[in-house]
Amino acid sequence: MATRGLLKSQFRIIGLMEPTFSPGGRVSGATLARLLGAWRQGGRRGSADLAGAIRVLVLDGRLTVGTRLPAERELAEALGASRTLVTTAMDRLRDDGVVASRRGAGSWIARPVAADRPSREQPVSASDVLDLSCASPPALPELATALDTARRRMPAEFAQPGYLAQGLLELRERIAERYTARGLPTHADQVLITNGAQHAFALALRMLVGPGDRVLMENPSYPNAIDAVRASYARPVAVAMTDEGWDLDGLEVVLRQAAPRLAFLMPDFHNPTGGYLDAAGRERLGAALRRTRTPVFVDETLAELALEPGVGGAPPLAAFAEDLVISAGSASKLYWGGLRLGWVRASADLVRRMVAVRPVLDLGSPVLEQVVLSELFAVLPGVVECRQREFRRLRDVLIAELRARCPGWEIPTPVGGLALWCRLDGPVSTRLAVTAEGLGVHVAPGSRFAVTGGLEHYVRLPFTLAEEQLVEAARRLAVAASSVGGPGLLAEQVPLAELPVT
């Protein structure tokens, strides 16, 4: 216990004793209060604020369908609110169908909330809802051509069973060539095709992590990865990111003293901060991984999306600790999320072990999509340049709009990736998300990226929508910010009457 306290105090390590609840289980009043964060917006609409904050948790997947809620008296005590306020909020959620209750059985989450399905507190037309919670762009025009080519090639595949546990050889060869070009010599037997990077992480967790094991993560981190660790009954051990990027001192101490069973890291345009770990940092981190023999899952889904000249040339982390690193990429950011394909690059032995574990989850990725992705890889250099130019332009548009309308926010310019990580002028991220949802903008509050809660000063805002949508989203966010923030937050007041409502 003394060591644990030392780690926490000296190196800002978070999450060794993080309470969790399983999907479909019961969430306690104390845990729900922590998840809700700063939900109260002030004024006389406390019940509407609470209902809206719970709706955001459901919308973000932090309260899943079937999760049993605490008794109203327990929740009221945990929140420091009146029993009447909590009861009224639950009545609102029951009326909307989000919560169901039965005498003697309590209350539970009854159905998910759709981003394009506003509740009665959200009069914005579904067609006007702007989703800034998803950092994934529309499909490339080249996808249609690749699909036509793949359709003509499919008769040759029809004579085969169609079960490819490791993936289409041609696609694996093209992915291997790309890693080799990035400075990491790779051959096809070191590549496994998956149903996205999240599927790859699930395979790694099943293969390497057991209940109670520790998994090292950055804080903030990718929300679905955090959820996957908790769903595997492992314990996340988080080291906070700094303004400069990675706390390498803290990472080394955690690797040495907390002995995590696995690490999950994003050194390539970190989601959500956009940070990039340079070659010297990768060499130091790789040496620490080798000393402690810690396997690491490296999320490289944004690795190709450098937005500034001269950024992004460092070799993959696997070049510094090859036999310990599972590198994962995805088609979702460069091409289209609807392909639902990703890949793993690891040692041939690790790939064989993942193939052996895979049948527990699935029997292989769809062949047609793999042929399509193989065709897209053939035009990869042109695709990367096109995406980089477009996302750089959209990034600059959103930054200019937000800086003009919300001067109290700190908005660093990310050197890569697909989102801004904005620091608000107060701990109001959850309140901002609730208010913005009512104005037809869905955003993920900073707490959604926190391994153990907090980060209420931050909000992630992707720039993957069209330019006119980003401009409109910034305008609505300014309205939301003016109602939850302090003075000086809004440079240009925008009347609510100007918003497209029905």
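The model is predicted, so local features need pLDDT of at least 70 and side-chain atom pairs count only at pLDDT 80 or more, while totals for chains, interfaces and linings use all residues. Residues are numbered from 1 along each chain as its sequence is written, and side-chain values use heavy atoms, with hydrogens and water left out.

Start with the helices. Helices (H or I, at least four residues) and strands (E, at least two) are DSSP runs numbered from the N terminus. Helix α16 (residues 429-438) and helix α17 (residues 467-484) have axes that come within 9 Å and cross at roughly 130 degrees. Such axes are lines fitted to C-alpha atoms, for helices over the stretch in contact, with angles running from 0 to 180 degrees between N-to-C directions. The two helices are therefore oblique to each other; angles under 35 degrees count as roughly parallel, over 145 as roughly antiparallel, 65 to 115 as roughly perpendicular and the rest as oblique. In α16, Arg431, Leu432, Thr435 and Ala436 meet Leu477, Ala480, Ala481, Ser483 and Val484 of α17, contact meaning heavy atoms within 4.5 Å. Sorted by class, this contact has six nonpolar, two polar and one charged residues (Ala, Val, Leu, Ile, Met, Phe, Trp, Tyr, Cys and Pro count as nonpolar, Asp, Glu, Lys and Arg as charged, and the others, Gly among them, as polar).

On to the rings. A search of the whole structure turns up eight aromatic pairs (rings of Phe, Tyr and Trp, the last by its six-membered ring, with centres within 6.5 Å; planes under 30 degrees apart count as stacked, over 60 as edge-to-face and the rest as tilted). Phe201 and Phe297 make a tilted pair, because their ring centres are 4.9 Å apart and their planes sit at 50 degrees. Phe201 belongs to helix α9 (residues 197-208) and Phe297 to strand β9 (residues 296-299), so the pair ties together parts 96 residues apart in sequence. Phe201 counts as buried at 1% relative accessibility, and Phe297 counts as buried at 1% as well (buried means under 20% relative accessible area, exposed over 50%, partly exposed in between, with a 1.4 Å probe and protein chains only). Phe201, Phe264 and Phe297 form one aromatic cluster.

Pro141 is exposed, with a relative accessible area of 65%. Pro141 and Tyr335 are 194 residues apart in sequence, yet 9.1 Å apart in space, C-alpha to C-alpha.
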